[in-house]
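Visitor: I would like a walk through this model. I will keep asking how you know.

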Amino acid sequence: MCAVVRSPFVFMFSRIVFSASPLFSQPSNLPWDGTPRQPQSRVKVGLTNGRILDLAMARIASRISQLTGEGALAVFARAKELERQGRSIIHLELGEPDFHPAAPVVDALRGAVAAGRDRYVSPRGIPALRQAIADYLKQTRRLRVAPEDVLVAPGCKMALSLAMLALIEPGDEVLYPDPGFPIYPSFTRGLGATAVPFFLEEKNQFQPDIAEIAAKISSRTKVLIFNSPNNPTGTVFSDAALAQIAELAIKHDLWILSDEIYARILFGERYKSIWALPGMAERTVIIDGFSKSFAMTGWRLGYAVAPRHVIDAMDLLVLNTFTCAAEFTQVAAIEALRDSTDAVNAMVTEYRKRRDLFVDALNRIPGFRCQPPAGAFYAWVNIGDTGLTAEELATLLLEETGVAAIAGAAFGAAGKNYLRFSLVSAGNLLEEALERIERVSVRWRAAVSR
Ligand SMILES: Cc1ncc(COP(=O)(O)O)c(C=O)c1O
């Protein structure tokens, strides 16, 4: 999950002049705990073995100081430590499905390796997979995408960062959702651009406020990123919001980065992509992949759909960095898209059950308030009425009850009063987590009834 920090391409683009003048004391490749970084005169970088290196001494490029990690990993590390001490932990912190890929996908991988499908292949992906992705998007999203407009990458994050590298210049402004996936502002800053948040607020059912977005567009705004269904709120952007964002994009000549990684994990009607709206195919990059919908997180496979000249630029970036995604995972991914055992629908049915169970019960816990997510597999819970901060509550839940969740500030300033629970554990574990939370809630009940 921290791959961005280690990715070689971050170091490669000497042409890009980063505006990274403020130097920060917080180790920059450790998971970010949500604390704003303070300017300091020396930069330190954390190593995975715990040693801290002085950036100036280590001769690390200053752009690295602009990057942050993911809060989920810090909680995961602590939860694992408690587990090693013999504590029982219910993991609701990471966005990693507890399912594994369907059997035919695993068989296809074995077959591909046995057949010697382990060679260098085309940087933009093997033609059969790009064709399969085009067919899949037609079938599931009614998109008429040509295989030439598809590029395969090792993971959605890599597809996203390639698109950002291809489109964003130092000095540009990039609009992104807050709360949202923390890599959007991090990587934007790493590219020397300014990350400008637009807020998804509970009073608007976490839908974007189009007037706010319009007011934040300047002559420097180049890209608007959004993610629907959104991580962490689970919001599916309404048709009206998509149409209005499209209108703004055309009016101000913006690129749209539409992160559709949760498009299949939907509890309502069929997914609508902004790509399909009039005039949008030429200014939209879709990011999607196999990690969530097909439970293939560790396989590292994602893709982008974009206008051909953007795909050509990304292709050059691939050539200059990782050369290609592994051939055998690409072969197996065709089987995943075929979904011969209907595994995706089975998973979504299970996520829906978990959502109903967990959200209903959370809303009965004093001080908690949670709107049922329309997609993805997260519960985004307002805990403001408990009288505790989200950090205090997350610590209490983990240390005293063994329930791991993430304090919302990890997803941006608007997450200050929220906790994110991932619904990636089976129903019986969710019930156990609810019992534990219920038990410890005596601590804040007095504050709620006041
Ligand atoms: C919104 C969003 N985009 C992208 C990613 C990264 O996906 P991948 O693991 O395929 O790189 C995640 C993973 O949590 C995510 O939540």
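Guide: Start with arginine 142, which follows H6 and has a positive phi, near 55 degrees. Bear in mind that this is a predicted model.

Visitor: How do you know that the length of H6 agrees with that of a helix?

Guide: H6 has 15 residues, 127-141, and at 1.5 Å a residue they should span 21 Å. The end C-alpha atoms of H6 are 21 Å apart, so the two values agree.

Visitor: Which residues of H6 are buried?

Guide: Leu129, Arg130, Ala132, Ile133, Tyr136, Leu137 and Arg141 are buried.

Visitor: How do you know that they are on the same side of H6?

Guide: They cover an arc of only 155 degrees around the axis, and therefore lie on the same side of H6. An α-helix has 3.6 residues a turn, so residues three or four places apart point the same way. On the other side of H6, Lys138 and Gln139 are exposed.

Visitor: What covers the buried residues of H6?

Guide: The cover includes strand E6 (150-153), strand E12 (302-305) and helix H12 (327-338).

Visitor: What makes E6 and E12 a pair?

Guide: Two strands pair because DSSP finds at least two bridges between them. E6 and E12 are joined by four bridges and run antiparallel. Within this pairing, alanine 153 has glycine 302 of E12 as its bridge partner.

Visitor: Which way do the residues of E6 point?

Guide: Val150 and Val152 point one way, Leu151 and Ala153 the other way. All are buried.

Visitor: Why is methionine 158 called buried?

Guide: The cut-off for buried is 20 or more other C-beta atoms within 10 Å. Methionine 158 has 27 C-beta neighbours inside 10 Å, so it counts as buried. Methionine 158 is found in helix H7 (residues 156-167). Leaving aside residues up to four places away in sequence, methionine 158 touches Ala153 and Gly302. Methionine 158 and tyrosine 303 are 145 residues apart in sequence, yet 8.5 Å apart in space, C-alpha to C-alpha.

Visitor: Which residues come nearest to the ligand?

Guide: Gly155, Cys156, Lys157, Phe181 and Ser291 come nearest, of 13 residues around the ligand. By class, this shell has three nonpolar, eight polar and two charged residues.

Visitor: What makes the bond between aspartate 178 and proline 179 a cis peptide bond?

Guide: The omega of this cis bond is about 5 degrees. Proline 179 is in the loop between strand E7 (173-178) and helix H8 (183-190). A cis peptide bond also joins asparagine 231 and proline 232, with omega about 20 degrees. Proline 232 lies in the loop between strand E9 (221-227) and helix H10 (239-251). Most peptide bonds are trans.

Visitor: Why is threonine 323 called exposed?

Guide: Threonine 323 has 11 C-beta neighbours inside 10 Å, so it counts as exposed. Its place is in the loop between helix H11 (308-320) and H12. Phi of threonine 323 is positive, near 75 degrees.

Visitor: How do you know that aspartate 342 is exposed?

Guide: Aspartate 342 has 10 other C-beta atoms within 10 Å, so it is exposed. Aspartate 342 is in the loop between H12 and helix H13 (343-362). Although not a glycine, aspartate 342 has a positive phi of about 60 degrees.

Key
Residues numbered from 1 in each chain as written. Predicted model: local features only at pLDDT ≥ 70, side-chain atom pairs only at ≥ 80, totals over all residues. Helix = DSSP H or I, 4+ residues; strand = E, 2+ residues; numbered from the N terminus. Expected span 1.5 Å × (residues − 1). Buried ≥ 20, exposed ≤ 12 C-beta atoms within 10 Å, placed from the backbone. Arc of directions from axis to C-beta. Contact = placed C-beta atoms within 7 Å. Near = placed C-beta within 6 Å. Nonpolar A, V, L, I, M, F, W, Y, C, P; charged D, E, K, R; others polar.
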